[in-house]
Amino acid sequence: MSTGGSAKYSSKKASAEVMTEAVRQRAGTAASAKTSAPAEDARFASIQSNAFYKVMFAEESRPEEKKSLVAKMLTFEGTKEQNRERIKEFELFKEYLQSQREAMAQEIIRLTDTETFAELKMVYDDLNTSLIEFDNKMRPLTDIIDAVYTLRTNGMTVEAFQEIIRDRKREEELHKSREEKKLELAGLTARTNSLQQDNVALAEKKSFFGFGGTTEEARQQIARNDLDLTNIAERLTTLGTEIAALDAQVPDESKMGEFAEQKKKLRELLDISTDDHKQRQRDLVDSALNFVNTAKTRVGAVRQHLGKMGDQVENLADANNVMGTIYAIMNEGIKSAGSDNLKLRDTLQDTGAEEDTIAKMTRDQKRMAVEQHMTLLDASAVDTMATYADLTSGAIRIKTMKDAVDQQSIRARTMHSQGISGVADRLSVVLQAVSSAALGEASAMAKDTLQLMADNTNKVAQKESIRIAMGIGEQNTDLAKAIDDLGSYGEVVRAATSITKEGLTEMRSKLDELKKLTEVVQGDVKDSIAANADIAGNKPESTNAAAPAAGGTSPFKFGGN
């Protein structure tokens, strides 16, 4: 806005009306701008006809020209009454300016953003709620990862897992036992009710066609039922005690020592189903997205409010500049008028020259009128200067306010453009890091488990190797024994062979002798067979006796051999 009045201002409008309109335009559709303006002061109904108003808001005049015109109008000229009226007109214009300052201030106040504390509340509430929600969903997952990492790096995973299996088995046994006893309790309770109902029915079985007492058979059955009820009552009491004892049992104290908490987290990981773990991570992702969206919404709202506040500060600055320019011109005009009035007063001083009484009186009266005019103008100058000083200090305050709002706007814009995207980027990295850490722990755990399996199989293989090696030793022992046995057997064989050879030699000799003897015996047999025939042929005995000699020596004549 120019110091001489911008072209957008019409000379037919008051400065406050123009500035108020500018405020409304900057505020846009702010509801506060719709508040009706206060009624105009009747004293300023015809302010546009004020000579000073015309000078100060003349579009075609420059500030120096306006200063000269103001100085001329405030320089004593004409009659005392005319100058007094100009002073009054000047004071009325100054009061009008003050009223416009008040109107501008009220208009700015009306445009004050009434939603700032509500926005502050929502920023604190929404952002911190989203932050805590994300943290609450993140912590269980990171705690599990930290726990399994600690167990794995300290070589306690298998021990923890084995203890968890034992705990589960014990819990299952307790649960099974508790359920069995509760089922028995329910059955006995139902049996009690049934027996009691049977007793009521049996008691109604009367003899003598229903006119006598309870039948003997019914009484006997009632007695048996009462005995059962007594036994059941005792069992119910025992069952109640047993169930209470089962309920009072506490888990076995962990043997994990300093790693007991990590074991609990591992148990949590194992007890939750796969689908529940997937839902946990989905909830974490949703929470992260909700935080980013909430931050974007809230920071965006803060930027809007800062934008409104910036517009209001600019309106204040514009109004202050307009007013400051007007008062600066008037202040300089008053100074120039004061100099001119002082020169005029000097011309009206008594010079000592001869003059008649009327001329002297006329000169003195004009001098006093000038002096009174100067007095009034000096008072106005003090007020004008004070107002100008106040506008100057106000300009400093407005600049400070504007700098603060601009700085906040820059911070909000940076937070909106870089901060939120940076947080979103970090959140994405964190979520990926959590997932990566989970996969890393899964991979490391699989590696460790495979290594344990390899160690176990190596132990089995090593034991088998030792067993095989020991088998070879046993075989060597067997071979040594076989060698010893074979050596002994060789000696036996050799002895047996020698004996056999000797026996065979003797046998062969005897066989030869046996053969010879056989041949002799065969001859004797032949002779025996032929005896009858020989006798029948009447052969002489000598012939028979000489025959052997001719045929060879008899085998029975050992000496001839």
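In the predicted model, helix H4 (residues 80-110) and helix H9 (residues 274-347) approach each other, their axes coming within 10 Å and crossing at roughly 170 degrees. H4 is therefore roughly antiparallel to H9. On the side of H4, the contact is made by Phe90, Phe93, Lys94, Leu97, Gln98, Gln100, Arg101, Met104 and Ile108. The residues contributed by H9 are Gln312, Asn315, Leu316, Ala319, Met323, Ile326, Tyr327, Met330 and Ile334. Taken by class, the residues of the contact of H4 with H9 comprise 12 nonpolar, 4 polar and 2 charged.

The setting of this helix pair is the protein chain as a whole, which contains 11 helices and 0 strands. Read from the N terminus, the order of elements is accordingly α-α-α-α-α-α-α-α-α-α-α. Of the 561 residues in the protein chain, 27% are buried. Among contacts with a separation of 6 or more, 83% link residues 24 or more positions apart.

Helix H5 (residues 116-153) was examined along its length. Its 38 residues reach 53 Å from the first C-alpha to the last, a value close to the 56 Å expected at 1.5 Å a residue. A bend of about 25 degrees occurs in H5 at Met138, and a proline, Pro140, follows within four residues. Met138 is itself buried. The other buried residues listed for H5 include Glu119, Val123, Leu127, Ser130 and Phe134. Leu141, Ile144, Ile145, Ala147, Val148 and Leu151 of H5 are likewise buried. In an α-helix there are 3.6 residues a turn, so residues three or four places apart point the same way. After H5 comes Gly155, a residue with a positive phi, near 65 degrees.

Arg168 belongs to helix H6 (residues 157-203). Its relative accessibility is 26%, and Arg168 therefore counts as partly exposed. When residues up to four places away in sequence are not counted, Arg168 touches Arg267, Leu270 and Asp271. For Arg168 and Asp271, which are 103 residues apart along the chain, the separation of the C-alpha atoms is 9.9 Å.

Met56 is located in helix H2 (residues 51-56). With a relative accessibility of 4%, Met56 counts as buried. Thr325 is 269 residues from Met56 in sequence, yet the C-alpha to C-alpha distance between the two is 9.6 Å.

Ala438 is found in helix H10 (residues 357-536). This residue has a relative accessible area of 39%, so Ala438 is partly exposed. Ala438 and Asp146 are 292 residues apart in sequence, and their C-alpha atoms lie 9.8 Å apart in space.

Conventions:
Residues numbered from 1 in each chain as written. Predicted model: local features only at pLDDT ≥ 70, side-chain atom pairs only at ≥ 80, totals over all residues. Heavy atoms only, no water. Axes fitted to C-alpha atoms, helices over the stretch in contact; angles between N-to-C directions. Helix = DSSP H or I, 4+ residues; strand = E, 2+ residues; numbered from the N terminus. Parallel < 35°, antiparallel > 145°, perpendicular 65-115°, else oblique. Contact = heavy atoms within 4.5 Å. Nonpolar A, V, L, I, M, F, W, Y, C, P; charged D, E, K, R; others polar. Expected span 1.5 Å × (residues − 1). Bend = angle between axes of the 7 residues up to and from the residue. Buried < 20%, exposed > 50% of the residue type's maximum accessible area, 1.4 Å probe, protein only.
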